[in-house]
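Here is a short note to read beside the model. Keep the sequence and the 3D view open as you go through the points.

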Amino acid sequence: TSHRFSTLSVAPPDAILGLTEAFLADSNPDKMNLSVGVYKDASGQTPVLKCVKAAETKLIEEEKTKGYLPIDGYTDYRNHVRNLVFDETIEHDRIAVIQTPGGTGALRVAADFLVTQLTPIRIWIPTPTWANHGNIFAAAHLEAQPYSYLGADRKSLDIDAMLDDLKNKTRVGDAVLLHGCCHNPTGIDPTAAQWKEIAKVVAEKSLIPLLDFAYQGFGAGIAEDAVGLRTVLDAVDEAIVCSSFSKNFGLYSERVGAVSLVASDADACKASLSQLKRIVRTNYSNPPRHGGAIVATVLDDAGLTAMWTEELTEMRERITRLRGDFIDTMKSTGAGHDFEFLRSQNGMFSFSGLTPMQVDELKNKHSIYIVGSGRINVAGMSESKMSQLCEAVASVMES
Ligand code: PLP
């Protein structure tokens, strides 16, 4: 018999993870990897937070079972997610939270829910957006359509074009993906006033907001970063929020996320939850325990919660400081490169405006790896290599 697998072709590598492979193979001792989306401290490490270590120590002593979690996850964890995302304006019996394997798992469950329960439906996604959004929706057979987001100057949100697309291109009842904060890859978020305008259009067209909330706490703070999302939730009866604790707890590999679904009443919520559980049961059956248990253990304990808030603040402030250093050092190269527009960007990334050709040159001539869109992981920068980075950026901008 013929070998059926031997007819398969090799899939293209993931754009961002592929860059890391090239980075690892690069022998230049001064190489820099500013492509991946993980936080790094001053020593270039992605550390385990102290509050996480403390929670894990406690769990090892006190955990009594590795038995399965329920399909929708760990109750204590789910309540904490609800309290972080929502304020008191939405009745608890209208919110169904399920624990998922990371924010990616949350997005996939949400996509499967929209397709299986609400078809015909399309989802509108910003241009640009996190590359995996399109891939996840395609894998779930959820039709995705683009709406305008980044302005032609590549430095600002084109709010008029965005509102225009949401008003005129969508069908009533479609879904719309909104980044809750720290838009990836641009770092450009709507202002409070713009969130109100967005919420108004979402309500007028009865769009179902799918709020991707992967960076809560990386913008301005835990509560501050929820303001835009809550403005939208105030305007509608139905929504889905996809959370992740990969970044704000540094729990990348533990896969800790959640889908929170808001329904118009308790009965609709119950039915929606039952469908979400069915999707989970036929996919990964039930979520992993450890990461959710860590988050719940931290948030159950006032001391550990204070420790977490402090560590999260430290990560956020380091990113802000590095972003400022980059802007100032670019100025001091004397070549007239003004990156002041980066100052108002939020989160781990800065959208530099560098072209794909300049990005290529940074890699080939300077062993500096950034994503083709020009997205720079600010957390990957370091104080000690800032001048080297800025001189290289200046040189590719002049050539
Ligand atoms: N959504 C956005 C916008 C992201 O940037 C990421 C991670 O990079 C995720 C979701 C998924 O995060 P997780 O690692 O928890 O799956």
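1. By class, how many residues of the shell around the ligand are nonpolar, polar or charged? The shell has eight polar, three nonpolar and one charged residues. Ala, Val, Leu, Ile, Met, Phe, Trp, Tyr, Cys and Pro count as nonpolar, Asp, Glu, Lys and Arg as charged, and the others, Gly among them, as polar.

2. This is a predicted model: local features need pLDDT of at least 70, side-chain atom pairs count only at pLDDT 80 or more, and totals for chains, interfaces and linings use all residues. Residues are numbered from 1 along each chain as its sequence is written.

3. Around the ligand lie G37, G102, G103, T104, W130, N184, D212, A214, S244, S246, Y252 and G257. Helix α4 (residues 102-118) gives the largest share, three residues. Helices (H or I, at least four residues) and strands (E, at least two) are DSSP runs, numbered from the N terminus.

4. The protein is divided into domain 1 (13-48 + 305-398) and domain 2 (68-300). These bounds come from an automatic or database domain assignment. The domain centres, taken over C-alpha atoms, are 27 Å apart. The contact takes 22 residues from domain 1 and 22 residues from domain 2. Contact means that C-beta atoms, placed from the backbone, lie within 7 Å.

5. Look at the side of domain 1 that touches domain 2. Both α11 (302-332) and β9 (349-351) supply at least two residues there. The largest share, four residues, comes from α11. By class, this side has twelve nonpolar, eight polar and two charged residues.

Conventions. A residue is near a molecule or strand if its C-beta atom, placed from the backbone, lies within 6 Å of it. Two residues are in contact if their C-beta atoms, placed from the backbone, lie within 7 Å.
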